[in-house]
Amino acid sequence: MIIGLGIGLLAFTYIKEGKIQGRIAPADAASQVLAVLGTDTLRSAVSNGNFAFPIVKVGTYTIQVKANAPYKDTSIVNVPVIDSITTDVGLIKLKQ
(Lines give C-alpha, C1' and ligand atoms only; values in the text may rest on other atoms or scores of the structure.)
Protein backbone atom coordinates (compact mmCIF):
# COMPACT_ATOMS: atom_id res chain seq x y z
CA MET A 1 0.00 0.00 0.00
CA ILE A 2 2.82 2.43 0.81
CA ILE A 3 4.45 1.74 -2.56
CA GLY A 4 1.15 2.43 -4.34
CA LEU A 5 0.72 5.69 -2.45
CA GLY A 6 4.28 6.74 -3.29
CA ILE A 7 3.77 6.02 -6.99
CA GLY A 8 0.48 7.94 -6.93
CA LEU A 9 2.14 10.98 -5.37
CA LEU A 10 4.97 10.88 -7.91
CA ALA A 11 2.47 10.76 -10.76
CA PHE A 12 1.04 14.12 -9.68
CA THR A 13 4.47 15.77 -9.80
CA TYR A 14 4.57 15.19 -13.57
CA ILE A 15 1.40 17.12 -14.34
CA LYS A 16 2.45 20.19 -16.30
CA GLU A 17 0.61 23.44 -15.50
CA GLY A 18 1.01 27.16 -16.05
CA LYS A 19 -1.08 30.32 -15.78
CA ILE A 20 -2.56 32.92 -18.13
CA GLN A 21 -3.39 36.49 -17.17
CA GLY A 22 -4.18 39.79 -18.88
CA ARG A 23 -6.13 43.03 -18.87
CA ILE A 24 -9.08 44.38 -20.86
CA ALA A 25 -9.54 48.03 -21.89
CA PRO A 26 -11.91 49.65 -21.31
CA ALA A 27 -12.24 47.79 -18.01
CA ASP A 28 -16.01 47.34 -18.32
CA ALA A 29 -15.97 46.29 -22.01
CA ALA A 30 -16.07 42.54 -21.28
CA SER A 31 -17.33 40.25 -18.55
CA GLN A 32 -15.87 36.89 -19.63
CA VAL A 33 -12.70 35.51 -21.23
CA LEU A 34 -12.24 31.99 -22.59
CA ALA A 35 -9.02 30.00 -23.00
CA VAL A 36 -9.44 27.29 -25.66
CA LEU A 37 -7.11 24.34 -26.26
CA GLY A 38 -8.59 21.82 -28.71
CA THR A 39 -11.91 20.73 -27.20
CA ASP A 40 -11.05 22.08 -23.72
CA THR A 41 -12.47 25.48 -22.78
CA LEU A 42 -11.70 27.39 -19.58
CA ARG A 43 -13.70 30.43 -18.44
CA SER A 44 -12.58 33.42 -16.41
CA ALA A 45 -14.59 36.40 -15.20
CA VAL A 46 -13.27 39.91 -15.81
CA SER A 47 -12.89 41.99 -12.65
CA ASN A 48 -11.85 45.64 -12.92
CA GLY A 49 -10.50 44.85 -16.39
CA ASN A 50 -8.30 41.96 -15.17
CA PHE A 51 -8.65 38.24 -15.86
CA ALA A 52 -6.64 35.18 -14.88
CA PHE A 53 -6.58 31.44 -15.44
CA PRO A 54 -4.66 30.13 -12.41
CA ILE A 55 -4.37 26.45 -13.40
CA VAL A 56 -3.87 25.73 -17.11
CA LYS A 57 -2.48 22.66 -18.86
CA VAL A 58 0.67 23.22 -20.90
CA GLY A 59 -0.15 23.91 -24.55
CA THR A 60 -0.95 26.62 -27.09
CA TYR A 61 -4.24 28.40 -26.44
CA THR A 62 -6.62 30.78 -28.17
CA ILE A 63 -7.88 33.51 -25.85
CA GLN A 64 -11.41 34.68 -26.70
CA VAL A 65 -12.76 37.88 -25.14
CA LYS A 66 -16.56 38.01 -24.98
CA ALA A 67 -17.30 41.73 -25.22
CA ASN A 68 -20.23 43.70 -23.85
CA ALA A 69 -22.16 45.83 -26.38
CA PRO A 70 -21.22 48.08 -28.10
CA TYR A 71 -17.72 46.50 -28.09
CA LYS A 72 -16.73 43.61 -30.37
CA ASP A 73 -15.47 40.15 -29.39
CA THR A 74 -11.81 39.53 -30.10
CA SER A 75 -9.35 36.62 -30.05
CA ILE A 76 -5.65 36.15 -29.53
CA VAL A 77 -4.18 33.00 -31.08
CA ASN A 78 -1.03 31.02 -30.30
CA VAL A 79 -0.79 31.89 -26.60
CA PRO A 80 1.83 29.50 -25.18
CA VAL A 81 1.52 28.04 -21.69
CA ILE A 82 4.76 26.65 -20.27
CA ASP A 83 5.11 24.58 -17.10
CA SER A 84 5.31 26.72 -13.94
CA ILE A 85 5.25 30.00 -15.91
CA THR A 86 2.62 32.77 -15.96
CA THR A 87 1.88 33.90 -19.52
CA ASP A 88 0.81 37.54 -19.52
CA VAL A 89 -1.08 38.43 -22.69
CA GLY A 90 -0.90 42.10 -21.71
CA LEU A 91 -3.55 44.73 -22.45
CA ILE A 92 -6.31 43.76 -24.88
CA LYS A 93 -7.99 46.88 -26.27
CA LEU A 94 -11.54 46.22 -27.45
CA LYS A 95 -13.00 48.17 -30.36
CA GLN A 96 -16.55 49.30 -30.88
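The protein has one helix and seven strands. Helices (H or I, at least four residues) and strands (E, at least two) are DSSP runs, numbered from the N terminus. From that end, the order of elements is α-β-β-β-β-β-β-β. The model is predicted: local features need pLDDT of at least 70 and side-chain atom pairs count only at pLDDT 80 or more, while totals for chains, interfaces and linings use all residues. Residues are numbered from 1 along each chain as its sequence is written, and side-chain values use heavy atoms, with hydrogens and water left out.

Of the 96 residues in the protein, 28% are buried. Buried means under 20% relative accessible area, exposed over 50%, and partly exposed in between (1.4 Å probe, protein chains only). The protein exposes about 6300 Å². Carbon and sulfur atoms supply 59% of this area. Accessible areas come from the Shrake-Rupley method with a 1.4 Å probe; for residues, only the protein chains shown count as cover. Contact means heavy atoms within 4.5 Å. Among contacts with a separation of 6 or more, 59% join residues 24 or more positions apart.

Three strands form an open sheet with mixed pairing, in the order β4-β1-β7. Its edge strands are β4 (50-57) and β7 (86-93), each pairing on one side only. Neighbouring strands of the sheet are turned by 15° against each other on average, direction ignored. Axes are lines fitted to C-alpha atoms, for helices over the stretch in contact, and angles run from 0 to 180 degrees between N-to-C directions. Two strands pair if DSSP finds at least two bridges between them. β1 and β7 pair in the parallel sense over six bridges. Ala25 stands opposite Lys93 in β7.

Gly22 lies in strand β1 (residues 17-25). Gly22 counts as buried because its relative accessibility is 6%. Beyond four places in sequence, Gly22 touches Gly49, Asn50, Phe51, Asp88, Val89 and Gly90. The C-alpha atoms of Gly22 and Leu91 are 6.1 Å apart, although 69 residues separate the two in sequence.

The largest nonpolar core holds 18 residues. Such a core is a set of buried Ala, Val, Leu, Ile, Met, Phe, Trp, Tyr and Cys residues joined through side-chain atoms within 4.5 Å. Ile20, Ile24, Val33, Phe51, Tyr61, Ile63 and Leu94 touch the most other members. At least two core residues come from each of β1, β2 (30-37), β4, β5 (59-67) and β6 (74-81). β5 gives the most, with four residues.
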